Amino acid sequence: MSIQIRPIEETDFTQLIALFKEFAIFEKAPELMTNTVEKMQAEKEYIKGYAAVNEDNQIIGYATCFFAYYTWIGKSFYMDDLYVKQEYRAQGIGTKLINSIIDLAKKENCRKLRWQVSEWNTPAIGFYKSLGAQINETERNCDLMF
């Protein structure tokens, strides 16, 4: 199987929305996924990340990210999502996606890469720890929706 990791393109939005919905179900929060292709097209300048594409040009995984500035450390990168379709997991695709994010963060002279992981997602926690990530058990998300 040949998998290509490449930057997300506008032509990917329809496939990505389907994967965003799949990921929301995996995270046990499908009602929170309200994004649409139309929103993505209107906000495309904010979309940064990578798609994992199979030989049939189907997106089987993705990682999205953006720049952040943390007052204690400075310029950083935030990985919003890393998702690989279930049937493609444990084949190194997640590693390739996160390494693409890490490489970009380093190239852009970021001092840190941050992301979240659900406390129940033990396979992901083990994967992230194997990369050397430190998982903070004390901070909680605060979301103010508009």
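## Helix α1

The expected span of a helix is 1.5 Å times one less than its number of residues. Helices are DSSP runs of H or I with at least four residues, strands are E runs of at least two, and both are numbered from the N terminus. This is a predicted model, where local features need pLDDT of at least 70, side-chain atom pairs count only at pLDDT 80 or more, and totals for chains, interfaces and linings use all residues. Residues are numbered from 1 along each chain as its sequence is written, and side-chain values use heavy atoms, without hydrogens or water.

Helix α1 has 14 residues, 13-26, and should span 20 Å; its end C-alpha atoms are 20 Å apart, so the two values agree. After α1 comes K28, with a positive phi near 65°.

Buried means under 20% relative accessible area, exposed over 50%, and partly exposed in between (1.4 Å probe, protein chains only). The buried residues of α1 are F13, L16, I17, L19, F20, F23 and A24. They cover an arc of only 165° around the axis, so they lie on the same side of α1. That arc is taken from the directions from the helix axis to the C-beta atoms.

The face turned away from the buried side carries T14 and I25, both exposed. Cover for the buried residues includes α2 (37-42), β3 and β4.

## Nonpolar cores

A nonpolar core is a set of buried Ala, Val, Leu, Ile, Met, Phe, Trp, Tyr and Cys residues joined through side-chain atoms within 4.5 Å. The largest has 21 residues; F77, M79, L82, I93, L97 and I101 touch the most other members. At least two residues each come from β2 (49-53), β3 (59-70), β4 (74-84), α3 (93-107) and α4 (122-130). Helix α3 gives the most, with 6 residues. A second, separate core of 16 residues includes I8, L19, A51 and Y62.

Contact means heavy atoms within 4.5 Å. Beyond its neighbours within four places in sequence, F77 is in contact with residues including C65, I101, L104 and C110.

## T64 in β3

T64 is found in strand β3. Its relative accessibility is 11%, so T64 counts as buried. Leaving out residues up to four places away in sequence, T64 touches I8, K48, G49, Y78, M79, D80 and D81.

## Cysteines

A disulfide is a pair of cysteine sulfur atoms within 2.5 Å. The count by this rule is 0. For C65, the closest cysteine sulfur is in C110, 9.3 Å away and therefore too far for a bond. C65 is buried at 3% relative accessibility, and C110 is buried at 14%.
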